[in-house]
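Hi everyone, thanks for coming.

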Amino acid sequence: MKNWEKYLMGPSKERTQERVGRGITGLSILMIGLLVGIILLFLVGKGSQLFLKDGVSFQEFIFKTVWAPGNEVYGAASMIITSLLVTMVAGLIALPFALAVGVAVTEILPPITKKIIQPIIELLVGIPSVVYGLIGLTVVVPIVRQLVGGTGFGIIAASVVLFLMIMPTITSMIIDAFQAVDQDQRRASAGLGATRWQTITRIVIPAAKGGILTALIFGMARAFGEALAVQMVIGNAAIMPSIQGSAATITSVLTTGMGNTILGTPANDALWSLALILLGMSLVFNLLMHFVTRKEA
Amino acid sequence: MTKAERIDRIATILILLLALAVVGLVITVLGLILIPGISHISWHFLTSSSQSFETGGGIFDQLFNSFYLVVLTLLISVPLALGAAIYLNEYAKQNWFTDSLRLAIEVLSSLPSIVIGLFGYLVFVLKWGLDFSLLAGALVLTILNLPLLTRTSETALSQVPNLQRQAGLGLGMAKWQVILKIVLPAALPGILTGAILSAGRIFGEAAALIYTAGQSTITVNYQDWNPFSPTSFLNPMRPAETLAVHIWKLNTEGLIPDASAVSSGAAAVLVLTILLFNLGARLIGHLISKRLEK
Amino acid sequence: MLEVENLTITYSEHPVLKGIEMAFPDHQITALIGASGSGKSTLLRSLNRMNDGIASVDGHINFHGVDINQPNANVYRIRQAIGMVFQQPTPFPMSIYENVVYGLRLRGEKNRQLLDQRVEESLRQAALWNEVKDRLKSPAQALSGGQQQRLCIARTLATKPEIILLDEPTSALDPISTSQIEATLVDLKQNYTIIIVTHNMQQASRISDWTAYFEQGQLIEFQPTEKLFLNPKEQQTADYLSGKFG
């Protein structure tokens, strides 16, 4: 006779396996969590050195427009403004184009168009940002030089490059948002005698509003954090932006500056403070997206 | 025709014109970069080393470095992301701890690559003393790759029907065995597709690498298969300029006279490779799901 | 062999079973019947702890006199001894042969001869052997729904459980497959104790020896099947059987 008590209470291979599985996967996720914590801690630590150790005030850093590390003047306002400006312009130009493509693909053209367009958008989303920078350098900058004058490098070229870069992403997300709108709502609207355009403006776009906004914010967040494509075409002069002249964004100054400063010096600390601002802004974009999706739900 | 119908017609035409403008723009842009680029691609271009001051250099080292870095990155990031995805999808209970882990991954995905690159420069390159190296680059790309890879793996896992898990548990299997033997094989196409797509993304990454994998390439010996030998092409401790970094470098401080031809050729190679990754992902996902259906 | 004592099961503060007392007769088929939401499926799933982490259990479920819900009870051994077959057929995406030996392989069984022998034995017991003996290597998912369900029964049998739990095993199948499975179950009771949840009262009366009627989380009546169907003690059971309720 089997000793059931002992058998049913006893250890078995499965128990060990279970412990191993939980251990391995739990460790992976913990490592990722820890990593994020460490990244944030490091960036906050390094980014606050300028204010804590080097005696630059936070207000001065944010509001002053003169950036002259050689003279120990660290005003990042011109870069912050330029970053925001090129991001906004890129997003605002991209939005109508992306909406038009979205409407055309989901509401007007036959479904086969979507099958053709999807892989193309996928490819465009996947094109590395240096390639967009190269396009900017070889195509956009000369055109800007002809039309506006100056060297062609500057905020116009940067905005155009960012616009080209984020438009595929925004378009693809907007198409998804339109497709998520219930087909029955379109039929119901048409059944009440609405034209297609009336259905699009009164039913489809309002229903997809949250998705459209999320797409725009997502694209702008990408533009704000983009470094190399911008750095290649903006001219890299850390002064207030102007139509013709060179300018610099937070990311472009980080790209060019990090290799030219020595770790621990105020000039280097100032760059880490810029990185911290970049981090803060990406968290803000993230928060905005959360806010939009939560409001929708 | 009523007013509403007239507006409808005009709006439709306007929308189509705008969409057409976008298509034209995309074709122009792709054409401007690909046509001169592709005409510059040759066997010589792909298989010879780059030049510092003269014309006629190729991109062989950079191309190899890019692929090698993708392999190294996937070796680190796939197991880690898969483990995390399994935990989140199979084991995690719904509580504040899980929520904060998910939030952490989301925060990670929103960090600009230059910020992650600078973190890598500070920690891996300087603090850990890895210097500019493939390993430092792979670690940084791992950080960049983890959120997307975790998300695609989790989606793939969550699409496996629950019945299959229950059947396994009902046989008295450990949950871990159910995951390894039943859930993972079923989720494989999705996981693989996600991994290849992420490979395409990291293949073109440059901002995170300029301060980690470095902006220069040393002469290496492609016959030396010992990864611990300093001049071996497999040595993960050597600095390695990738194709994307090469394009950036040529256009910011390049000294060769044919910089624009070389960089458009390199850009074309980059875009075509990513196209191959995309097609490969589709194909493999398709093939595996077809095989499983049989 | 299997007894339930004063069992109360709660889903997020909401009790679905209240004070159940019953002893399942060995080597017999017991049918659990009742309307949806009566708690019969919950009871079945708690008998091999498939409700772990979902519901909280109060009271005792004793298997060979051992309370299976004790904190250090080995849930895997319990499920190996008390197997379960689900409503939908759940073949794994592999060959028929591999499906049957799945549980054995995981327990480390490598002896080819023993595996072969167990495959034949289990498939015969599940009345599937003659239909599949020539294509054991072909994928299980190519079988018909009824064959898949019998394969799942064979897969459970291969691990030699003592008790088999079945959760509406024929509700997704056509009448012919259903009658084949019913015949299989009647054969199996010589060697196994069988507990089946069913919506189909004819099925309960055709194959079970004992029937338990549940209503709103309570066990109303537990009798030999013939007695319960022909001469129910409780008015509620009579109402349910005559279609006045449920």
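I'll start with how to read it, then go to the contact of two chains, and finish with a record entry.

This is a predicted model, where local features need pLDDT of at least 70, side-chain atom pairs count only at pLDDT 80 or more, and totals for chains, interfaces and linings use all residues. Residues are numbered from 1 along each chain as its sequence is written, chains are lettered from A and ligands numbered from 1 in the order written, and side-chain values use heavy atoms, with hydrogens and water left out.

Okay, chains A and B. Contact here means heavy atoms within 4.5 Å, and 73 residues of chain B and 71 residues of chain A take part.

On chain B, H1(B) gives the most to the side touching chain A, namely 18 residues. Helices, by the way, are DSSP runs (H or I, at least four residues), strands are E runs of at least two, and both are numbered from the N terminus.

Last stop, chain C. An unreviewed UniProt entry annotates residues 2-241 of chain C as "domain: ABC transporter"; such annotations may be inferred rather than shown by experiment. That span of chain C is 38% helix and 27% strand, and its end C-alpha atoms lie 27 Å apart.
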